[in-house]
Protein chains: 2
Amino acid sequence: MQNPVTVEVTRGNLVESRHRGMAVVVDGQGKVVFSAGDIEAGVFPRSACKAMQALPLIESGAADAFGLTTSELALSCSSHSGEDEHVRTAASMLSKAGRDLTVLECGAHWSSDQATIIHQARTLEKPNALHNNCSGKHSGFICTCVHTGFDPAGYVGYDHPLQVEIRAVMQDLTGAVLGADNCGTDGCSIPTYAAPLRAWAHGFAKMLTGEGITPERARASRRLMDACMAEPFHVAGTNRACTKLMNVAPGKIFAKTGAEGVFIAALPDAGLAMAVKCEEGTTRAAEAMIFALIARYFDKQGETHDTLMKMANRTMKNWNGITVGEVRVTETMFA
Amino acid sequence: MQNPVTVEVTRGNLVESRHRGMAVVVDGQGKVVFSAGDIEAGVFPRSACKAMQALPLIESGAADAFGLTTSELALSCSSHSGEDEHVRTAASMLSKAGRDLTVLECGAHWSSDQATIIHQARTLEKPNALHNNCSGKHSGFICTCVHTGFDPAGYVGYDHPLQVEIRAVMQDLTGAVLGADNCGTDGCSIPTYAAPLRAWAHGFAKMLTGEGITPERARASRRLMDACMAEPFHVAGTNRACTKLMNVAPGKIFAKTGAEGVFIAALPDAGLAMAVKCEEGTTRAAEAMIFALIARYFDKQGETHDTLMKMANRTMKNWNGITVGEVRVTETMFA
């Protein structure tokens, strides 16, 4: 097992906290071109695999039948902040399927984004299921069920035909066995499956390149990833990492984060996909790791590389705007 | 170096994330009665040492001269949530010193507590310095400066006589050299110093027992710790760990958290103080570690032990209230 990636957080001249993580980059054939840490350990991808979970929406014909827009496809792969535009877009998806928010089984929560929760507090008595960060994905699920003829009731369950279909899609992509033994329940109540970090990256490399999957699945995969790259705001939101990352080099970076320190990205020009998992599940470290990892595949003299490295290694300021330290990815990543 | 403490976060039957940390328990003479991980590594205590920083408020005579209440003394040692009562209490302290919030140099921020930020969003245009989690500590600083005759302007600076005095107090308590070499700037702009975790715990053990310090400092220390134990709400706030912990066994647990995964506690009956630092700075792990560590010093058959262990090892629920996993401290702690 190789050394993990580490991310250091400094204060003054000293390291205050230290994160560890795994990272892997693979091509469409599954060849590992970079790795750090134990890339064969089981990792729950959480929301980072939403584009995989949205494939039945395209493959079933539901997206075309309901005339879903690019923004709506991006939202079906999103963990959004619950901003007004996200909520409207999810409602629109449900409306096209002749349903409303009462069919959603994801639960409701206030936004975790500070500016958004302040706005929500001032305009809402309380949030509903459309404000859930997963409401786009769930609205896509409803569209798929309605179009396919599945009863949406209980669509979050392990044995519901939609989840059986999603499991099969993810098995095809990752090459991993996904079942009750490595299944957990996600924040929005659908199943999530632990598989090697390498397998998740390989699945996204197959989606990106079309290698090892049917042409139909390859087309559906690229359509979803292209939608995310075309509408980054709908994949996350204002000031969110996925959105900022895809805006750095439009059309050149697909990226999606997941809870507990997971981040997955795919680079069309390089034909590579990559995944990181911060061992203890911290978002700030997963972000720094994926920013630095993506930067490796852009020209070191170019603006994109520079921007990505400034996002990876950044200064931290306090309430008075005084610089107090920095977040920095260690050298391992650049060896 | 001993093995670190680990805290596992599970999902389904699998470990999803794993935290590492150091932990130490010492008595008033500095004897280490428990340790895990590298307890000699430098750790910034951040807000966990606020009761030390408040000692000049008592020792200068300012607290008595201005007639500060028990709640106000507790607030001077607090990282509060910015709830209305906290804000009123900080304003009262400043008023007693003939000042107002314009003298505060801590900066302003919205509450990090969800219920509080929702309330703030509905009642405030924006927060001011009184809402800063450190406003109680800073109001105590102002009281000290005004009573002592120090010009409060620039009281957050390394060379301001108040910070020089605080540095001397913390050196006396910890036995560590605190200076420019191990100094960083805290979130509220005052200096924070890295010293071994063992030294921070020893400092609090000296405060608790009076060993190795002057009788005057011993009395001032117990007065502050007693104030915190008497008014736990003013040390943190609704649903906050410090407040809940001190309410578990009133008068028997002093506890204060700090940013980046630090937690310090002192147990009057046992005459022991303890400190933990989560390596990567995560609050959920630091809380689990200190809960389990404190539990070691209560009767295993008793209600307090049971309550603390239920706080340490807890289930996690998702947006629908479904149990998805647990946070659990590993066996090391209980060996």
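Trainee: Which side chain meets Arg223(A) in a salt bridge?

Mentor: The model is predicted. In it, the side chain of Arg223(A) forms a salt bridge with that of Asp64(A), at 2.8 Å from N to O. The pair links distant parts of the chain, with Arg223(A) in helix H10 (residues 215–230) and Asp64(A) in helix H3 (residues 62–65) of chain A, 159 residues apart.

Trainee: Is Asp64(A) buried or exposed?

Mentor: Asp64(A) counts as exposed, at 52% relative accessibility, because the cut-off for that class is over 50%. Arg223(A) has a relative accessible area of 30% and is partly exposed.

Trainee: What does Arg20(A) pair with?

Mentor: Its partner is Glu279(B), in a salt bridge of 2.9 Å from N to O. Arg20(A) lies in strand E2 (residues 14–27) of chain A, and Glu279(B) in the loop between strand E10 (272–278) and helix H12 (283–295) of chain B, so this pair joins two chains. Arg20(A) is partly exposed, at 23% relative accessibility.

Trainee: And which residue does Arg284(A) meet in a salt bridge?

Mentor: That is Glu260(B), at 2.7 Å from N to O. Arg284(A) belongs to helix H12 (residues 283–295) of chain A, while Glu260(B) sits in the loop between strand E8 (254–258) and strand E9 (262–267) of chain B; the pair therefore joins two chains. With a relative accessible area of 12%, Glu260(B) is buried, because buried means under 20%.

Trainee: Which residues do salt bridges with shared partners join into one network?

Mentor: The network consists of Glu8(A), Arg18(A), Glu326(A) and Arg328(A).

Trainee: How many salt bridges are there over all chains?

Mentor: The count comes to 34. As for the charges themselves, chain A carries 31 positive and 35 negative side chains, and the centres of the two sets are 4 Å apart.

Trainee: Changing topic, how many helices and strands does chain A have?

Mentor: Chain A has 13 helices and 12 strands. Its C-alpha atoms fill a box of roughly 60 × 50 × 35 Å along the principal axes.

Trainee: What radius of gyration does chain A have?

Mentor: The value is 19 Å, which agrees with the radius near 20 Å that a compact globule of 335 residues would have. Buried residues make up 63% of the 335 residues in chain A.

Trainee: What about the accessible surface of chain A?

Mentor: It comes to about 11800 Å², and carbon and sulfur atoms account for 49% of that.

Note on methods
Residues numbered from 1 in each chain as written. Chains lettered and ligands numbered in written order. Predicted model: local features only at pLDDT ≥ 70, side-chain atom pairs only at ≥ 80, totals over all residues. Heavy atoms only, no water. Salt bridge = Lys/Arg side-chain N within 4 Å of Asp/Glu carboxyl O. Helix = DSSP H or I, 4+ residues; strand = E, 2+ residues; numbered from the N terminus. Buried < 20%, exposed > 50% of the residue type's maximum accessible area, 1.4 Å probe, protein only. Rg over C-alpha atoms; globule rule 2.2 N^0.38 Å. Areas by Shrake-Rupley, 256 points an atom, 1.4 Å probe, with all protein chains shown as cover. Lys, Arg positive; Asp, Glu negative; His and termini not counted. Charge placed at Lys NZ, Arg CZ, Asp CG, Glu CD.
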